[in-house]
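Subject: Structure for your files

Hello,

Here is the structure I said I would pass on. My notes on it follow below.

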Amino acid sequence: MIYVVTAFLWLSICLYIILGGADFGAGIVELFTHKKARRKTEQIMYESIAPVWEANHMWLIIAIVILFVGFPGIYTTLSTYLHIPLVLMLLGIIARGTAFTFRHYDAVKDDWQILYTQIFYYASLLTPFFLGLIAASTVSKSINPDATDFLSLYIFSWLNWFGAAVGLFTVSLCAYLASIFSLRETKDKLDLTLMIRKSKQTMIFVVVTGILVFITAYLSDIPLLMWVFSKPLGITAVVLATLALGLIFYCMRERKLMPVRVLAGFQMIMILVAATYQHYPDIILLGNGSHLSLLDEAAAPKAISALAWALMLGSLFILPFLFYLMASFSKQRR
């Protein structure tokens, strides 16, 4: 049952990166759009994230519940040493969702809309940045339980150059997903041309920030190159992600937009595989030389079994209704 729970944890994180990432990316793309085209971009992005913007944080909640119930030691470590970026990320999620709701559904349209829009923009930008910082902290050995001062325990455990690079990379991935997902929501050739141009721009940002991640990893003595390229699975994942990028370029050139979302989602899966498989089942690498493993830190077998059955039975209810939600919004837009 432990492998069932682990699979659901990995799946929930993967779906949150894809769906939640596209959600955050909508605000990022709009923020970095010229003011003259911002209104049009807003309409396209709204159509793109409408089916999932209320549901995508479900995957984050599931991941947190799995850690809390199934791996309490790992949950405690994360919530203790990374409580500052975790709180900032959660505040960003709340602020962004609130601003999005008032921005679109407020009965009174006045100057407050400007404030709602700014909150939506910068919460969309900063939330995935802190998510990237948290992810980087789990593998950079920056969390050192043996440290004795506040800065080392609670600040430098996440605030470092490698974490900042991964944060920027996460922001770039979110913008990339949003621009790719929005291609099918365009109404005419001019809108499609605009979003294809944005998709290509975000691809460049992903490549640049990805290179920055490897540079900062090298400077920080983090064996990221070895993790990704030392085994066939990592090399295969990178090659497949690159091939998917080429196919996306081809689909955009030929205006065949049906496969682009699937290909972009597949790329995110391959990136996650390349980044995590090497040190599995170790989920947190600590600065004192130890690590926290999903197998060693698991809760009692009965708790893991109950959690696994709850996840399997719950998925029978959650997934069909999620697909129904997406299908309903798709029909409304036709």
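Which helices do the buried residues of helix 11 pack against? The partners are helix 8 (161–181), helix 9 (189–219), helix 10 (224–229) and helix 12 (260–276). Please keep in mind that this is a predicted model.

The buried residues in question are G234, A237, A241, A244, I248, C251 and M252. An α-helix has 3.6 residues a turn, so residues three or four places apart point the same way. Helix 11 covers residues 232–254, and its 23 residues should span 33 Å at 1.5 Å a residue; the end C-alpha atoms are 33 Å apart, in agreement with that. After helix 11 comes R255, which has a positive phi, near 60°.

On the overall fold: the secondary structure consists of 13 helices and two strands. The radius of gyration is 20 Å, close to the 20 Å that the globule rule gives for 334 residues, so the protein is as compact as a globular protein of that length. The C-alpha trace spans about 55 × 40 × 40 Å along its principal axes. Of the 334 residues, 49% count as buried. Among contacts with a separation of 6 or more, 78% are between residues 24 or more positions apart.

The core: the largest nonpolar core has 99 residues, and the members that touch the most others are I66, F71, F162, I180 and L183. Helix 1 (residues 2–31) gives the most to this core, with 14 residues. Leaving aside residues up to four places away in sequence, F71 touches I2, V5, T6, L9, I66, L294, E297 and A298.

The aromatic rings: there are ten aromatic pairs. One of them, F68 with Y75, is edge-to-face, at 5.1 Å centre to centre and 80° between the planes. F68 counts as exposed, at 52% relative accessibility, and Y75 is partly exposed, at 28%. Y81 and Y154 have ring centres 6.2 Å apart and planes at 20°, so this pair is stacked. Y81 lies in helix 4 (residues 72–81) and Y154 in helix 7 (residues 150–155), so the pair ties together parts 73 residues apart in sequence. Y81 has a relative accessible area of 15% and is buried, whereas Y154, at 21%, counts as partly exposed. Ring pairs also bring in F150, making a cluster of Y81, F150 and Y154.

Regards

Note on methods
Residues are numbered from 1 along each chain as its sequence is written. This is a predicted model: local features need pLDDT of at least 70, side-chain atom pairs count only at pLDDT 80 or more; totals for chains, interfaces and linings use all residues. Side-chain values use heavy atoms; hydrogens and water are left out. Helices (H or I, at least four residues) and strands (E, at least two) are DSSP runs, numbered from the N terminus. The expected span of a helix is 1.5 Å times one less than its number of residues. Buried means under 20% relative accessible area, exposed over 50%, partly exposed in between (1.4 Å probe, protein chains only). Contact means heavy atoms within 4.5 Å. A nonpolar core is a set of buried Ala, Val, Leu, Ile, Met, Phe, Trp, Tyr and Cys residues joined through side-chain atoms within 4.5 Å. The radius of gyration is taken over C-alpha atoms; the globule rule is 2.2 Å times the number of residues to the power 0.38. Rings of Phe, Tyr and Trp (its six-membered ring) pair if their centres lie within 6.5 Å; planes under 30 degrees apart count as stacked, over 60 as edge-to-face and the rest as tilted.
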